[in-house]
Amino acid sequence: MPGTASAFPIDLNALKKVTLDPTKPQLSNEQRSALLHNIQIMRDAIVLFTATGAARGVSGHTGGAYDTVPEVCLLLSLFNASKDKYVPILFDEAGHRVATQYLLSAIEGHIPAEHLLHYREANSKLPGHPELGLTPGVKFSSGRLGHVWPWVNGVALANRDKTVFLLGSDGSQQEGNDAEAARLAVAQNLNVKLLIDDNDVTIAGHPSQYLKGYELHKTLSGHGLKVLTVQGEDLDALWAALCEIIAYDGPAAVVCKRVMAPGVADIEGSTHGHDVIPVKAAIKYLTSRGYPETMATDILNNITPHAVPYLYIGSTKEVGANRVVFGEAVNKVLDKLTKEEAAEKVMVIDSDLEGSTGLKSIHQKHPEVFIPSGIMERGNFSAAAGFGFDANKFGVFSTFSAFLEMVISEITMARLNFCNVLCHFSHSGVDEMADNTCHFGVNSLFADNGLADTQSWLYFPADAAQMTKVVERVFFDRGIRFIFSTRSKVPYMLREDGKTRVFGDDYEFVPGKDEVICEGKAGYVVSFGDMLYRSWDAVLRCRQEGLDVGLINKPTLNLVDEQVIRKVGSSPFVLVVESLSQKTGLGSKFGTWLLERQLTPKYGYIGTNKEGCGGLTEQIPHQGLDPQSIILKIRQLSN
């Protein structure tokens with residue numbers, strides 16, 4: 001049968017059981033043959049089922065999981081020989097290599113092999129990063145780089161009589177957490193063994209180019225680990241090195257040099273290998289491996305992207321990518337300066353996400369201000385802050401909103417030093433977040449962590465036109481400013497006439513000012529960002545039914561507009577609608593602001609409140625944030 005109704009066409013039962021003894025560092029011909037057989041089957045399976053993510057439009061990652069199959073097969077063979085000597089879990093600090101965990105779940109019988117064809121599909125329990133307790137057979141959660149090695153040190157401390165293995169990557173090892181983990185592992189002589197895929201590829205480029213001087217062998221040796229470097233595709237050398245670090249008393253690592261996705265013609269050695277393999281490339285690869293072309297085409301060509309159909313009112317069919325428009329808006333500011341003035345006054349630093357957070361256009365048009373850097377959010381933010389330590393200089397920093405949680409302390413120090421930093425945190429909220437819960441950007445108000453006698457500014461524009469206005473207005477403001485955007489594209493807001501854009505050419509953004517989209521006698525919805533057009537749809541449908549509800553846009557999240565809060569607080573009800581966390585977002589504060597002013601309308605707030613369901617457009621209704629859910633909440637409050 002076609003598509004996901006197919007049987008899984010690669011026979012995982014054909015995998016051979018191999019047992020290896022680490023005191024015997026030479027593979028027999030039989031062992032080598034069986035391992036190579038298993039490696040090929042597993043790599044073929046990873047190419048096939050990750051390509052379904054490309055087919056259904058939910059993206060994914062192929063190359064990392066494909067790369068590390070030799071290391072995985074060797075470790076599984078050790079576990080087959082003895083589970084008493086090892087913690088038998090393939091801990092992996094690169095959560096995007098989740099295909100490994102799902103494949104193992106199928107091999108071990110926790111899920112049917114056919115279920116792999118639903119990779120990253122909504123409600124399949126196969127999200128973009130492994131989540132413990134969600135997917136049968138998955139033994140740990142991962143996703144944010146630099147977080148697993150320190151945690152694995154704790155596992156080793158709890159199992160001092162066993163060896164603990166960690167699959168690493170040259171990307172994750174850039175994180176500062178890993179340096180701290182290395183020092184603890186050495187100081188406590190922990191029996192942690194790392195197998196690090198050093199393929200010189202991350203999202204935005206090649207570490208050897210953008211992070212000169214970064215070299216894993218030297219770095220880890222400098223911390224005191226025993227380090228061996230081998231060619232990762234040389235199975236005999238890889239096994240011999242693994243045996244040597246197992247025999248070593250203390251923390252040790254094998255650095256596995258290889259090109260990304262070796263043997264996959266269309267993505268080998270390229271940054272495209274980090275992402276999901278395109279359908280055509282997967283078909284080409286599998287056909288070259290000797291499978292009938294129809295094996296892959298029957299499945300992949302019969303999977304199509306799925307969207308939640310809904311015709312919004314109050315906004316355009318045309319959409320804009322706010323995270324991209326951020327960079328374009330910065331360019332408009334820089335275009336007004338000479339190249340020399342821009343280089344003197346502005347510094348923009350990337351954290352290996354320039355294509356995702358809008359900085360790529362700045363890199364291309366204004367390279368004089370741009371610094372490519374690695375996966376080092378804390379250090380990069382502080383570098384931007386340090387540049388802005390001079391009252392007339394301005395640092396610009398950008399990463400995903402989920403990683404805002406990683407720089408809270410650095411934000412405090414930047415504030416105490418009166419630094420000028422403009423921070424763009426993209427991928428806010430949950431919309432179209434197939435990477436799922438660990439990548440949700442829902443704790444944005446953590447950035448407002450100063451005391452009452454200090455000030456930060458948190459801005460969340462509602463569409464691309466407002467994003468441009470916000471950037472142009474606040475770029476050269478002093479202090480720390482935060483601008484948020486979503487992964488998803490958003491439509492342009494329209495007035496109630498259905499024709500006039502809310503944020504047209506004559507619109508002027510004023511920091512701290514809430515914006516009345518429409519007046520209402522029955523009560524008000526307060527919203528912002530990607531939830532504003534959804535709230536507007538709900539409000540308009542209520543108004544069509546005779547319920548006179550108003551709508552407020554609150555683009556500055558953390559400041560109270562006294563005039564507007566008294567307007568809404570004097571109405572029968574107030575409903576805050578947001579895609580930030582219901583526990584820590586605007587809604588958790590707005591009710592207090594009302595009470596402090598003796599304003600007591602009926603009050604409600606809805607936001608992100610549970611772990612994700614995977615997929616893209618499904619995340620919003622899963623959280624109860626779709627227009628129909630908003631309408632239901634409005635009706636409850638208006639009764």
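Biologist: Which residues form one aromatic cluster here?

Modeller: Phe381, Phe397, Phe425, Phe460, Phe482, Phe484 and Phe528 do. This is a predicted model, so local features need pLDDT of at least 70, side-chain atom pairs count only at pLDDT 80 or more, and totals for chains, interfaces and linings use all residues. Residues are numbered from 1 along each chain as its sequence is written, and side-chain values use heavy atoms, with hydrogens and water left out.

Biologist: How many aromatic pairs does the structure hold?

Modeller: There are 22. Rings of Phe, Tyr and Trp (its six-membered ring) pair if their centres lie within 6.5 Å; planes under 30 degrees apart are stacked, over 60 edge-to-face, and the rest tilted.

Biologist: Why is the pair of tyrosine 310 and tyrosine 312 called edge-to-face?

Modeller: Their ring centres are 4.7 Å apart and the planes sit at 65°, so edge-to-face it is.

Biologist: And what makes tyrosine 310 partly exposed?

Modeller: Its relative accessibility is 30%. Buried means under 20% relative accessible area, exposed over 50%, and partly exposed in between (1.4 Å probe, protein chains only). Tyrosine 312, at 25%, counts as partly exposed too.

Biologist: Why is the pair of phenylalanine 460 and phenylalanine 528 tilted?

Modeller: With centres 5.5 Å apart and planes at 50°, that pair lands in the tilted class. Both phenylalanine 460 and phenylalanine 528 are buried.

Biologist: What sits over the ring of phenylalanine 476?

Modeller: The charged end of lysine 345, 4.5 Å from the ring centre. The rule wants NZ of Lys or CZ of Arg within 6 Å of the ring centre and within 35 degrees of the ring normal. Arginine 501 lies over the face of tyrosine 492, 4.0 Å from the ring centre.
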